[in-house]
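Here is a colleague's note for a student who is meeting this structure for the first time. Please keep the picture open while reading the points.

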Amino acid sequence: MREQLEALRAAALAELGDRASAEQIEAVRVRVLGRGGELTEVMRRMREVPAAERPAIGQLVNQVKREIESRLEALQERQRAAALARSLGEARLDVTLPGARIPRGRLHPLTLVMEQMLDIFASMGFEVAATQDVEDDFHNFEALNFPPDHPAREMQDTFFLPGGMLLRTHTSNGQIRVMQHRKPPLAVVCPGNCYRRDELSVRASPMFGQIEGFMVDRAGRVTMAHLKGVLSEFARAFYGPQTAVRFRASFFPFTEPSAELDISCLLCAGAGCRVCKQSGWTEILGSGMIHPNVLRKVGYDPAEYQGFAFGMGVERQALLKLGVDDMRLFFENDLRFLGQFPSFAARSAS
Amino acid sequence: MKLPLSWLGEFVRLEADTGELCRRLTLAGLEVESAERVAPGFSGVFVARVLKVERHPNADRLNLCDVDAGAVGRFSVVCGAPNVTPGMTAPFARLGARLIGSGHGGGQCLASLQEVPPLQAAVIRGVRSEGMLCSERELGFSEDHAGILALPDDAPLGAELASYLRADDTVLDIAITPNRGDCLSILGLAREVAALFGLKLKPPAIKSALLMPRAGQANAGNGGGALSVDILAPELCPHYAGLPISGVQIGPSPIWMRRRLELCGMRALNNVVDATNYVMLELGQPLHAFDRAHIAASRIVVRRAGQAPGGALDREFVTLDNTRRALDPADLLIADPEKPLAIAGIMGGLNSEVGAATTDLLLESAYFEPMTISRTARRLGLKSEASYRFERAIDRAGQIRALARVAELIGASAGGKVSGAAVDAEPRPAPARQVMLDLGAVNSILGVAVPGAEVRQRLRALGAKVKSAGARRLMVAPPPFRPDLNEAADFAEEIARLKGLAEIPATLPERASTPATPNDYRGFMRAAREMMVGAGLTEVKTIAFIAPADNQRYPGMGGGAVPVTNPLSAELGELRLSLAPGLLGALRFNLNRQAAAFHAFEIGKVFAMRGGAPGEHERLAAISCGDFALGAVGQPATAASFWTLKGVLEQWLIALGAAARVEFEAAGEAEHHFLHPGRAARVLFEGEPIGYLGELHPAEAVRLELTNPCVLTELDLVHLIAYGFQPRQQVTGPPRYPAVRRDLALVVERDVSAAQVIAAIREAASPLLESVEVFDVYEGGSIAPGKKSMALACRYRAKDRTLTDEEVNRTHGELVEGARRRLGAELRQ
């Protein structure tokens, strides 16, 4: 029986050479290890073996079985590996083709600019408060120290609505709306749309965004020096640390003293070019100490409280920042323009 | 305001160069918009005297002139001008001179003087001419070519004409803010320059003695009687002064005056009107000259249009631009006892205009209240140099001085003499203004300590009178031309401006560092926008003004359209009721530029009349047209449809955490006539309609020339924003036991909605039912006509155990039977 086993082993291993095909392998497995296979046959005849020899023969049977099995497994593994290698070679992709286009939109540049500005002011301790576009004369003009028939009203050509209402010409109404209902200390920015009677053109739009901001506290605690400090920090945060700033005296009915803020021209860095009309400076915003008459209108005593206020156009900052020169781009919504902007607002605060 | 530097130089001697002047003015609030160099239109031209004029031997219309140009020499010149006479002083162009107007057209063309060929010796009809005498056109001053320009007799012979006439000048154009009426004059600007540079101001020396009539001349002239003034509206005209002048001879003004007027942007007319304009530019006081022959009874009445004699009302008036103007009873007029003569402060009348035949004048110098001038000028749409100044408040005390100045100029240039006593009616003298200025308040506003001595010096430079009034206090009398200076903030501004804002330090305020309160509104908006972007839509912004027709097509969600009282055009005549027209406009714009698809959203305000008043509403709207999700190369794309946009909206609502409160139901047939009636949904939030979702009506698609289906949605955000503010964070761990799925298919009437089926199932369900979803809808085949089969997946789960098959089968069986009965449905096996 030992001989029979040895012969069986030799025959099977010989058959399971390195080049054995899948069919050969399967044939050997069935012939030798299958239910009615040679090895099973040998084991069935164990009874015939003398009792004394049985353990040794049994051991040999197991050994032969393991040997053939492991040979089979190795061959099968090799076959699988070869098949995988073949299929990998065949399933090769052109990885430079585009992926499936999962739709993703973009944020409007005016949103991006507005959000960045609000983030800067929020990080400096300003609250953000939205206020109304449809406004009355009191909140848009009278409380802001524009007397009726005053030429200063002509600086802002107004759209009028039924019922004695109008479309706000600036977000400064937010100053009045907030101060009427709250007491200092206050530090608030009011973003929103404003409306003036200008045709949509390269330079102007009948609807445009503004941010109004103001800070009010006890007299002496918020001064012109603080106005300069806060707005200079804003300009550097928004336009970059290399930005030079200058304050230029100006006039707004609702501030006294009034100042406009110029930054060094972004194109020529102050050297003088066509964009800044050779001055080296570009105006970005209007500001000033809140006029005592405005404080009186909201019931604050100017001897007790004082503060500063500022207002800036969103489109203007966007044009400067993006280096484009046509206001209409923002309202045409040409995808070839809008598609250049990111899908998320940059978070500037730490 | 135009400022010729040569004119400025008469009142202040400035060493700084033009660039520095412009910079300092700009920083001090007087923004220099341009500085234009004005070069003369000629070179090689000198002041000369014509000594002798003889007829040209060979030509009747030409003369031979002997010309003395002082040190330049004596010349023989052929001249064809009819006005050349011996003894006249005139411009002489010697050989080699260049004249901008020497060709035909003439006119000033500054850049090209070097291109003009130099004047060459010419032999005219056999006589050699050694130069030429020049007309205004040849010199580029005007189109006048009727004769030689006559220069004043005191002009220095041999002087370069360019320097004599100061033809080489620089003109600044300065933007004057509405609070600085005092800077609408050369003198006012000179005062600013003097204050800024620490220089002395030299105001013009004016001989007010001129106002006194010469002996024997009192009340002479046409009309005879002494002038009188009645002011019936002293609250609108607190001061009116008039001066009679007689014996004027109307003609052109001297060339220097005309040139200055033109540099300042005004047209020269004649020697009387030009003198009034000149003084207005110089001192800031608008003046008016009436032809006295047309003033009845030598009497001026200052009154409203509604105060005509006998309680009558002047309804209209012809101004000197020959335009008939409708009057309002409140308009202030200058009249005589019979008729109006001028609209006060705005424009004179044709009936008393100074013309070629005028000999006697009444000169007016008055102070009118800014508001009345502004109101009338705006109503009439009539702005003049005078109204511009009156509106911004002129010098309250400058009337008499200006009258003397103009009398002096008219005397010199038109030969007019003061022919009677000036009338000076001031029913309401200006109250004396005294302000107690606390230096501490100035420092507190500016945030920097300004020494008291500096405050005094700066305010004095502006013309204020300043006295000490105790410790750290000053008594300030602001000058009468600065009505804008009244309290500490006003003075602080002047000090900051003159000192330079750069001198104020930039510091950060000290503030309590309390934590910021989260801004839920801003957070919601930011999330809403960025989730829309994440879902594939691009943010757009459109303008709120639209055509009434678009509001009719897209009426939004109730309320009437808000008309704009004064729109830019009829096409922009109303405020939008809906964001849809703007989005469709943007779609069309992009399709016209070869875009294959457009998927966009806008968050913005719409406007509607509510209870007679315009109101505003925050909306989100989205549009989708064309291929939405593109597959990889070779794989099919997903086209925009009701389902893609509904999916975007649903995912957006899930991300906002509001999905469970939102339902969609079929919109009524007539609810949104711009939507496909069978493909329109009403969106509900907690049962209240907040918007719509649907496919654009095919007829609208045709009108807009759209070839692909276009889907639209619009939601009012107010409820969603309010919901977003509620704290509702509730977190549970993932379930610990498995769910079991059982499907069912119900055959129902075709018009039964998925929402109805699911509602019926939920009513029939046990607490073990976790979710139920439709996964297929099937019509045709074995399904009877008019019916459909809806396949649903039910998931069952218990919190505390694994469900057994038996328990699930029993529960599901009860659910199926309950739903079947409720819906009258058949079960499809």
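1. The model is predicted, so to speak of local features a pLDDT of at least 70 is needed, while side-chain atom pairs count only at pLDDT 80 or more and totals for chains, interfaces and linings use all residues. Residues are numbered from 1 along each chain as its sequence is written, chains are lettered from A and ligands numbered from 1 in the order in which they are written, and side-chain values use heavy atoms, with hydrogens and water left out.

2. Chain B has 21 helices and 41 strands, which are DSSP runs numbered from the N terminus (helices H or I, at least four residues; strands E, at least two). Its radius of gyration is 42 Å, well over the 28 Å that the globule rule gives for 829 residues, so chain B is more spread out than a compact globule; the radius is taken over C-alpha atoms, and the rule is 2.2 Å times the number of residues to the power 0.38.

3. In chain B, 7 strands form an open sheet of mixed pairing, in the order β26-β30-β31-β37-β36-β35-β34, where two strands pair if DSSP finds at least two bridges between them. The edge strands of chain B, β26 (538-539) and β34 (662-666), each pair on one side only.

4. Within chain B, strand β31 (residues 613-625) pairs with strand β37 (residues 710-716) in the antiparallel sense over 7 bridges, and Arg619(B) stands opposite Asp716(B) in β37(B).
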